[in-house]
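Here is a briefing on the side-chain packing and contacts of one protein chain. Keep the structure open while you read.

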Amino acid sequence: MFWLIENEKDLEYLHQHPINEAFVEIIPYHDNIHPALNNVSLIYIRPFSETKGYMLCVDHSETSSLNKTTIDGILQSIKRVWVRDKKQALYYFPIKSLCDLSQIIPPYIQDSPKVFNHFYQKYPTYLKVNKLIPVTKHYEKCEHIYKHVRSVLPQELPPWFDFYNNKVVLAFFGIEKNGLKINKYEFDKHYELNHENYSIQGDRIYTCYNLATTTRRPSNSFNGINFAALNKDNGARRSFVSSHGFVEFDISAYHPHLASRMVAFDFGTTDVHQTFADLYGTSYKEAKELTFKQLYGGVFKEYEHLEFFQKIKKFITINWEAFNNSGQVIVPISGYCFEKDKLENMNPQKLFNYMLQNVESAMNVRILMDIHKLLIGRKTKIVLYTYDSFLFELGEGEKNIENEIKQIFNKYRLQTKTSYGKTYDFTEE
């Protein structure tokens, strides 16, 4: 029975045999190029009901080519399409039935077969190297990947899967696909990429959010740049520019606000840090540092009498007991479950930190989904997210949109401060 499909006649088999559930591996031109700048070479489809997979050819040196639209129709007809990275797959096939394996099992990174290493080393500057690697080798690799992921795929999906598969992935895809405009002269002063063509096209660079972290708090690093930790002090942020200006919204006292909701405490004020400064008898800056240290490192003895910290300590104790007795704790908003047998070296404070980071990320997903809805049909784009800050590249004639964006944060009872500038350094108006 054939496995290589490179013409419409061969494709008839898949048309005539409906697929309910399948694993799909999209093979791009190059494994290291950002999907926003990449394209499809081959597509491996492995129906769960069959004993082998099929390799569909779009653009490869050894085969004829199928129409990508036709393949899109095949994928649309599959009720559940499992992929290793849904966010990446959306660049090539934005279909509703995609299911993200990375949300429920650890990302599987197979050691590259020798033949793959050979081609990547032989053609280090060729950006379509996967078109040269024999189709049979791609097929063997995909069959191996399928066997692994199929063996660890749970029979029942966890209750939180829908939130992460259908909200989290879309929230960050919606930012990532926009890219960031750069001043190449300034950029080259501060950054050295692994390979410029992996993430830059024209005057835009593309970021990549990693959603499969332990706490589900996304990281954002790609092609040698950690976009979640861009230096604020050395002028590097002047590399990122906007023709009509940037506006950044920073959420004030975000973690104390979220923690207060988790423990049902009301500060009774919008300026939480000033409240703590008065209670501590310190400056505003010192109060911020003290509160942060206690949220993430444990309550200091001299402040245990404060009602907020009493509630924090009680919350930590209750959840640590539940974690040990039932083997899990469920986090608000996302419904994510931290399971004892999947985490190492845990302690009460660490568990609380994990829960707080998860709540922060889930709340941000709610905010981001509202933002994406607001920006439909607008020129303004959200181009970067770093935990408590949201960066927007304003569209021409849309400066007043910031008031509409602010209403979204108000909806979730969050106070924000705004920064403006032509560059991400915010040193120029």
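## Charged pairs

K399 and E402 meet through their side chains in a salt bridge, at 3.6 Å from N to O. E402 is buried, because its relative accessible area of 12% is under the 20% cut-off. The model is predicted. A search of the whole structure finds 17 salt bridges.

- **A network.** Salt bridges with shared partners join K184, D188 and E196 into one network.
- K189 forms a salt bridge with E186, with 3.2 Å between the closest N and O atoms. Both residues lie in helix α7 (residues 184-190), three residues apart, about one turn of the helix. An α-helix has 3.6 residues a turn, so residues three or four places apart point the same way. E186 is buried, because its relative accessible area of 15% is under 20%.
- **A pair across the chain.** R204 and E393 form a salt bridge through their side chains, 2.9 Å from N to O. This pair links distant parts of the chain, 189 residues apart. R204 is in strand β9 (residues 204-205), and E393 is in strand β17 (residues 389-393). R204 and E393 are both buried.

## Nonpolar cores

- **Main core.** The largest nonpolar core has 137 residues. Those with the most contacts inside it are I45, L56, F172, I205, F240, I367 and F390. Helix α12 (residues 348-375) gives the most to this core, with 14 residues.
- **Around F240.** Setting aside residues up to four places away in sequence, F240 touches L180, K181, I182, F187, Y191, I205, F227, L230, F246, K422, T423 and Y424.
- **Second core.** A separate core of five residues includes F116, F119, Y120 and V129.

## Aromatic rings

- **Count.** The structure holds 43 aromatic pairs.
- **One pair in detail.** A pair of aromatic rings is described by the distance of the centres and the angle of the planes. F265 and F267 form an edge-to-face pair, with 5.1 Å centre to centre and 85° between the planes. Both F265 and F267 are buried.
- **A cluster.** Ring pairs link F172, Y209, F249, Y385, Y387, F390, F392 and F409.
- **Charges over rings.** The charged end of R217 sits over the ring of Y387, 3.8 Å from its centre. R150 lies over the face of F48, at 4.1 Å from the ring centre.

- **Helix α5: length.** This helix covers residues 135-152, which is 18 residues. At 1.5 Å a residue it should span 26 Å.
- **Helix α5: packing.** Its buried residues are V135, H138, Y139, K141, C142, E143, I145, Y146 and V149. They pack against β1 (4-5), β2 (21-28), β3 (40-47), β4 (54-57) and α4 (114-122).
- **Helix α8: cover.** Helix α8 (residues 254-262) is mostly covered, with eight of its nine residues buried. The buried residues are Y254, H255, P256, H257, L258, A259, S260 and M262.
- **Helix α8: packing.** The buried residues of α8 pack against β13 (241-251), α9 (272-280), α10 (284-297), α11 (307-326) and α12. Just after α8, A264 takes a positive phi of about 60°.

## Loop residues

- **T207.** T207 lies in the loop between β9 and β10 (209-210). T207 is buried, because its relative accessible area of 1% is under 20%. Leaving aside neighbours within four places in sequence, T207 is in contact with H34, E176, L180, N220, F227 and L384.
- **Y387.** Y387 is placed in the loop between β16 (381-385) and β17. Y387 is not a glycine, yet it has a positive phi of about 65°.
- **R413.** R413 is found in the loop between α13 (401-411) and β18 (416-423). R413 also has a positive phi, of about 55°, although it is not a glycine. R413 is exposed, because its relative accessible area of 57% is over 50%.

How values were computed. Residues are numbered from 1 along each chain as its sequence is written. This is a predicted model: local features need pLDDT of at least 70, side-chain atom pairs count only at pLDDT 80 or more; totals for chains, interfaces and linings use all residues. Side-chain values use heavy atoms; hydrogens and water are left out. A nonpolar core is a set of buried Ala, Val, Leu, Ile, Met, Phe, Trp, Tyr and Cys residues joined through side-chain atoms within 4.5 Å. Buried means under 20% relative accessible area, exposed over 50%, partly exposed in between (1.4 Å probe, protein chains only). Helices (H or I, at least four residues) and strands (E, at least two) are DSSP runs, numbered from the N terminus. Contact means heavy atoms within 4.5 Å. A salt bridge is a side-chain nitrogen of Lys or Arg within 4 Å of a carboxyl oxygen of Asp or Glu. Rings of Phe, Tyr and Trp (its six-membered ring) pair if their centres lie within 6.5 Å; planes under 30 degrees apart count as stacked, over 60 as edge-to-face and the rest as tilted. A charge sits over a ring if NZ of Lys or CZ of Arg is within 6 Å of the ring centre and within 35 degrees of the ring normal. The expected span of a helix is 1.5 Å times one less than its number of residues.
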